[in-house]
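Here's a quick walk through the model below. Have the sequence open alongside as you read.

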Amino acid sequence: MEGSRFVKDAFGWHDQRFEAQERIMALQFGTVEKRLERIEVLIERLEKRLWVTVYGVVAVILTQGVQSILDFAPRGI
């Protein structure tokens, strides 16, 4: 004789619920992972823009420095 059908059904229901919860959590983690990847791409782009800006400012400062040196240099040489 096997066990009660109701006992087996109760455990089956819990297993199904647990599997459904695992699938939902997998979807949620997948969504979070996609969002994090997008954020990382945006941060990389921002970092590139920041470095271009820094290099631009340094180039302007160096250019002005060289121009001021050339202005004070004697022209007849």
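Leu62 sits in helix H1, a helix here being a DSSP run of H or I with at least four residues, numbered from the N terminus. With a relative accessible area of 56%, Leu62 is exposed; the label means over 50%, with buried under 20% and partly exposed in between (1.4 Å probe, protein chains only). This is a predicted model, where local features need pLDDT of at least 70, side-chain atom pairs count only at pLDDT 80 or more, and totals for chains, interfaces and linings use all residues. Residues are numbered from 1 along each chain as its sequence is written, and side-chain values use heavy atoms, leaving out hydrogens and water.

As for the whole chain, there's 1 helix and 0 strands. Buried residues come to 0% of the 77 residues. The chain exposes about 7,900 Å², with carbon and sulfur atoms supplying 65% of that.

Back to Leu62: together with Leu50, Trp51, Val54, Tyr55 and Val58 it makes a nonpolar surface patch of about 620 Å². Patch members have over 30% relative accessible area and no salt bridge, with nonpolar side chains joined within 5 Å and like charges within 9 Å. A salt bridge would be a side-chain nitrogen of Lys or Arg within 4 Å of a carboxyl oxygen of Asp or Glu.

Two of those residues, Trp51 and Tyr55, also turn up in the structure's 1 aromatic pair. Their rings are tilted, 5.9 Å centre to centre with 35° between the planes (centres within 6.5 Å; stacked is under 30 degrees, edge-to-face over 60, tilted the rest). They're 4 residues apart in helix H1, so about one helical turn separates them.

There's a negative patch too, formed by Glu33, Glu37, Glu40, Glu44 and Glu47. Glu47 lies in helix H1, residues 5-72.

Here are some accessibilities side by side.

| Residue | Relative accessible area | Class |
|---|---|---|
| Glu47 | 44% | partly exposed |
| Trp51 | 44% | partly exposed |
| Tyr55 | 58% | exposed |

Terms used:
Helices (H or I, at least four residues) and strands (E, at least two) are DSSP runs, numbered from the N terminus. Accessible areas come from the Shrake-Rupley method with a 1.4 Å probe; for residues, only the protein chains shown count as cover. Lys and Arg count as positive and Asp and Glu as negative; His and the chain ends are not counted. The place of a charge is taken as NZ of Lys, CZ of Arg, CG of Asp or CD of Glu. Rings of Phe, Tyr and Trp (its six-membered ring) pair if their centres lie within 6.5 Å; planes under 30 degrees apart count as stacked, over 60 as edge-to-face and the rest as tilted.
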